[in-house]
Amino acid sequence: MSGTQRATTAFGAHTTAAEVVSGVDLSGRRAIVTGGASGIGMATARALASANAEVTLAVRDVEAGRRAAEDIMGSTGNKPVLIAPLDLAEPASVTAFVRGWSGPLHILVNNAGIMATPLMRNRCGWEMQFAVNHLGHFALATGLRGALASAGGARVVSVSSVGHINGDVVFDDIHFQHRAYDPWQAYSQSKTANILFAVAAAARWSTDRIAVNALNPGRIPDTNLARHVGDLASALASSEPDSTGVSWKNAEQGAATSVLLAASPLVEGVSGGYFEDCNEAGPHQPGIRRGVADYALDPDAAARLWRVSIETLADRSAPRGSAESSA
């Protein structure tokens, strides 16, 4: 947890992003939202823009990004909604994005992701869900650390999932070189990695006044995240038989917790936590699809993943299926 007492707000599962940011003024602040061209990423970007932030949509599909930016500017009246190309599966694309950024960065929302894909690998041989959901965002955030530090009180938001409770990071075979590939297990370990990143970054970057938190947005069936699994409701019902406690939401509700962590004064000073439904989550209880798994908050595992991620990004010639050399 981020502290001895969990951070709570009056908001809940059905709160919208617009309600969270109501009355908040982000004038002069600059934000990046990955995957901001659709779904909860676009809803997050819209809310931040409505509060007068300069928002950059970091997107793989630049044309879709332009359409989203025009939509956001039209609905909010906020003109500085920018678009920049970013392919999280390609380390060179992340490097180019980082090198192209200048000046301070106040808000980074690591929102983009893929879910339950068939076995795919990027050019480095990394399993695609881990490459996109964790390694790409890890490279982005660490590459932008200087810009975040210079902002003075920056916030980084890591969008995870309740699916993290289905599996820890398998350090001995992260990239499924030796074990049979399971799309949901791959998704689960990438979402656990999103939380472990927040734990490790919060500890490492506290002196730079960078707050880092992770969250579960809830289940939002009408987003591009489900493009590899067909009907999301049916797929999740079959893959996760006990759905007790799950919050089904629309995109505006799904973006609310991201916006809370990115912009709300209600969580000022909170770092290293995992939130759901606009409140810091308690421990996961078996049979209830809520809360955070103990292994996702383990500082030793977080430190290990940090080292493995740095090594993996430094050596792109082959996937590091085992972390034993850096443990």
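These notebook entries record what I looked up in the predicted model above.

**Conventions.** I number residues from 1 along each chain as its sequence is written, and my side-chain values use heavy atoms, with hydrogens and water left out. Since the model is predicted, local features need pLDDT of at least 70 and side-chain atom pairs count only at pLDDT 80 or more, whereas totals for chains, interfaces and linings use all residues.

**Overall content.** I looked up the secondary structure and found 11 helices and 8 strands in the chain. Helices (H or I, at least four residues) and strands (E, at least two) are DSSP runs numbered from the N terminus. Of the 327 residues in the chain, 58% are buried, that is, under 20% relative accessible area, with exposed meaning over 50% and partly exposed in between (1.4 Å probe, protein chains only). I then turned to contacts, meaning heavy atoms within 4.5 Å. Among contacts in the chain with a separation of 6 or more, 78% join residues 24 or more positions apart.

I traced an open sheet of 8 strands with mixed pairing, in the order 3-2-1-4-5-6-7-8; two strands pair if DSSP finds at least two bridges between them. Strand 3 (81-85) and strand 8 (279-280) are the edge strands, each pairing on one side only. Strand 5 (residues 155-159) runs parallel to strand 6 (residues 211-216) in a pairing of 5 bridges. In that pair I located valine 159 opposite leucine 215 of strand 6.

**Helices on the sheet.** Helix 5 (residues 128-143) packs on the sheet and touches strand 1 (30-34) and strand 4 (107-110), its direction making about 170 degrees with that of strand 4. Axes are lines fitted to C-alpha atoms, for helices over the stretch in contact, and angles run from 0 to 180 degrees between N-to-C directions. I found helix 10 (residues 256-263) lying across strand 4, strand 5, strand 6 and strand 7 (274-276), at about 160 degrees to strand 5.

**Helix 2 and helix 3.** The axes of helix 2 (residues 39-50) and helix 3 (residues 62-76) come within 10 Å and cross at roughly 40 degrees. That angle makes helix 2 oblique to helix 3. Angles under 35 degrees count as roughly parallel, over 145 as roughly antiparallel, 65 to 115 as roughly perpendicular and the rest as oblique. I listed Met42, Ala45, Arg46, Ala49 and Ser50 of helix 2 as meeting Ala68, Asp71, Ile72, Ser75 and Thr76 of helix 3.

**Helix 7 and helix 11.** I looked up the axes of helix 7 (residues 183-204) and helix 11 (residues 299-314), which come within 8 Å and cross at roughly 95 degrees.

**Two loop residues.** I placed isoleucine 114 in the loop between strand 4 and helix 5. Isoleucine 114 counts as buried because its relative accessibility is 9%. From isoleucine 114 to glutamine 129 the C-alpha to C-alpha distance is 6.1 Å, across 15 residues in sequence. Asparagine 166 lies in the loop between strand 5 and helix 7, and its relative accessible area of 31% makes asparagine 166 partly exposed. Asparagine 166 is 18 residues from tryptophan 184 in sequence and 8.3 Å from it in space, C-alpha to C-alpha.
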